[in-house]
Structure formats: C-alpha cells, structure tokens
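Welcome, and take a moment to look over the model before reading on.

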Amino acid sequence: MSDYTFLDAASILLREGLEALLVLVALLALMSKSGQSAQKRWVWIGGSAGLLAAVMLGLLVKLFFQQMLTHTRQEVLEGITGLVAAGLLFSVSLWLHRRAAVASWQTFVREQAQAALATGQVFSLAFLAFVAVFREGAETVLFYVGLAPSLSAKDFWLGIGLGSLVLVALAILLLQVGLKLPLGVFFRGLSLLIFYLGFKFLGSGLHALQVADWLPITPLVGIPKLRWLGIYPTWQTLLPQLLLLGIAFALWVGQWLRADPARKLSS
C-alpha cells in the first residue's frame with residue numbers, strides 16, 4: 001500500500017506551478033500597462049522554453065537514477081529520495097513563511113521587467129520568464145523524484161492531471177482579473193500543505209531505510225501508525241519529526257514576536 005495519494009502529487013505541481021504562473025501574469029500585466037502589448041510573445045516564448053527545459057531536466061534525472069541505482073533496493077531508493085525531497089520541501093515552506101507570500105518576489109520581477117522595458121531589451125523579458133518557469137519546474141522535478149517511487153503510476157499521473165487542470169483554471173482567472181486576488185492567504189495555506197508533505201516525506205523516508213535494514217528499529221509503545229501522516233511508532237522516525245516540529249514552532253514564534261512591534265507601530 002502506498003504512503004501517498006494523487007492529492008500529494010497534485011499539491012506539489014499546484015504550488016510550484018502557481019508561483020511561475022504569477023510571474024508570467026505580472027510580466028504580461030506590466031507590458032499591457034506600459035503600452036507594449038505587442039512584445040507579450042517574448043514572455044510566452046521564455047515561459048515555454050523554461051517549461052521545456054524543466055521537462056528535459058526531469059528526463060535526465062530519471063536516467064541518472066536508473067543508471068546509478070540499478071542494483072539498489074527499492075526501499076533504499078525511496079528512503080534516500082524521500083529524505084532529499086523532505087529537505088527541499090522544508091526549505092520551500094520556510095521561504096514562503098518568511099517572505100509572506102509573493103510580495104517581495106513580485107517586486108523583484110517588476111523591477112527587472114521595468115528595467116528591460118526601459119532599455120528596449122525584450123530578450124531580457126523572455127529570459128526572466130524562462131528563469132521563473134525553469135526554477136519552479138526544476139524544484140517540481142526534484143520533489144517528484146522523492147514522491148514517484150512511493151506512488152502508483154495511476155495516482156502519479158492522476159495527480160499531475162488534476163494539478164494541471166487547476167493551474168489552467170487559475171491561469172484563466174488571473175489573466176482576467178490580474179493580480180487582485182488575495183494571494184497572501186492562499187500562499188500561506190500552500191506553505192502549510194508543503195510543510196505537511198515534507199513531514200510525511202521525512203517519516204516515510206526513514207521508515208523505508210528501516211525496511212531496507214539501513215537504520216535500526218526501536219519500537220515505541222502507545223504510538224499509532226499513521227501512514228497518511230508519515231508517522232511510524234519507532235524512535236528513529238518519530239524523533240526527527242518532533243525535532244522538526246520544534247524548529248518550525250520556534251521559527252514561527254520568532255517571526256510573530258518580530259512582527260508584533262510593527263503591528264503596534266502601524267496602529
């Protein structure tokens with residue numbers, strides 16, 4: 001029985017794809033306001049090239065793992081890639097939490113795009129779109145490397161299909177209304193979802209290494225086995241997860257304390 005579902009695959013694509021989509025929409029909106037709508041094709045060219053490069057990266061990563069881990073047990077592959085993906089997911093979740101959604105990223109994109117428009121360097125717009133899409137695509141590939149070995153092919157492709165449909169719907173909505181949606185709340189929810197997936201990757205990855213006899217097993221009495229949460233009743237799996245929760249809580253409290261004086265000053 002797999003520890004993951006198609007919803008896990010869909011949520012990764014949704015989070016990474018949405019950020020790339022926001023960059024493209026911001027670039028298109030800026031070009032419309034600056035009266036250079038004719039140059040929008042460069043944004044689409046750059047974004048399409050970034051997507052193609054991400055797909056090529058996915059194929060190369062797949063071939064690499066096939067060659068390097070041909071004689072490796074499936075449980076070891078699941079464990080190692082799961083732990084790598086967990087680290088990436090935690091970094092993404094903390095990045096979102098610290099930067100409070102997309103405000104700072106949108107500012108950076110707007111500054112770069114305005115500079116490109118001022119100098120007439122439309123190629124720079126295409127490159128900015130390429131980097132934005134390729135960056136998110138590369139992260140998605142690495143996440144799926146950790147997820148795919150523990151997910152059935154049916155659920156994997158179902159998740160990708162569902163995530164793609166939601167992204168298309170969001171793309172149509174954003175292109176119609178621009179960036180006027182309450183994206184802050186949406187991204188905070190996604191950051192929590194990504195953190196949950198990382199928590200699950202961590203426990204499931206360590207458990208896979210236990211099954212492969214790479215880690216010892218010290219049972220814990222009274223702790224239920226919750227596969228959907230990546231919780232297994234052993235010290236080796238649960239202790240790192242508890243440590244992770246403690247670090248996340250400390251970071252949240254620290255940020256809340258830093259933000260509280262600012263709220264008092266603004267009031």
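Helices (H or I, at least four residues) and strands (E, at least two) are DSSP runs, numbered from the N terminus. This is a predicted model, where local features need pLDDT of at least 70, side-chain atom pairs count only at pLDDT 80 or more, and totals for chains, interfaces and linings use all residues. Residues are numbered from 1 along each chain as its sequence is written, and side-chain values use heavy atoms, with hydrogens and water left out.

Let us start with the whole protein. It has 8 helices and 0 strands, so its pattern along the sequence is written α-α-α-α-α-α-α-α. How confident is the predictor? The score to look at is pLDDT, the predictor's confidence in each residue, from 0 to 100. The protein averages 76, and 70% of the residues score at least 70. Confidence is highest in helix H6 (residues 153-177), with a mean of 86, and lowest in helix H4 (residues 103-119), with a mean of 63.

Next comes the question of inside and outside. A residue is called buried under 20% relative accessible area, exposed over 50%, and partly exposed in between (1.4 Å probe, protein chains only). Of the 267 residues in the protein, 40% are buried. Accessible areas come from the Shrake-Rupley method with a 1.4 Å probe, and for residues only the protein chains shown count as cover. The accessible surface of the protein is about 14400 Å², and carbon and sulfur atoms hold 72% of it.

Now follow the chain as it meets itself. A contact means heavy atoms within 4.5 Å. Among contacts with a separation of 6 or more, 80% are between residues 24 or more positions apart. Glu136, in helix H5, gives you a place to look. Glu136 is buried, with a relative accessible area of 3%. Apart from residues up to four places away in sequence, Glu136 touches Arg15, Glu16, Glu19 and Ala20. The C-alpha atoms of Glu136 and Leu21 are 9.7 Å apart, although 115 residues separate the two along the chain.

Setting aside neighbours within four places in sequence, its contacts are Leu215, Pro216, Ile217, Thr234, Gln236 and Thr237.

Rings of Phe, Tyr and Trp (its six-membered ring) pair if their centres lie within 6.5 Å; planes under 30 degrees apart count as stacked, over 60 as edge-to-face and the rest as tilted. The structure holds 4 aromatic pairs. In one of them, the rings of Tyr144 and Phe156 have centres 5.3 Å apart and planes at 75°, so this pair is edge-to-face. The pair links distant parts of the chain, 12 residues apart, with Tyr144 in helix H5 (residues 122-147) and Phe156 in helix H6. Tyr144 is buried at 10% relative accessible area, and Phe156 is buried at 14%. Phe156 also forms an edge-to-face pair with Trp157, at 5.3 Å centre to centre and 85° between the planes. Trp157, by contrast, is exposed, with 60% relative accessibility. Elsewhere, Phe127, Phe130 and Phe134 form one aromatic cluster.

Finally, turn to Leu59 in helix H2 (residues 40-68). Leu59 is partly exposed, at 47% relative accessible area.
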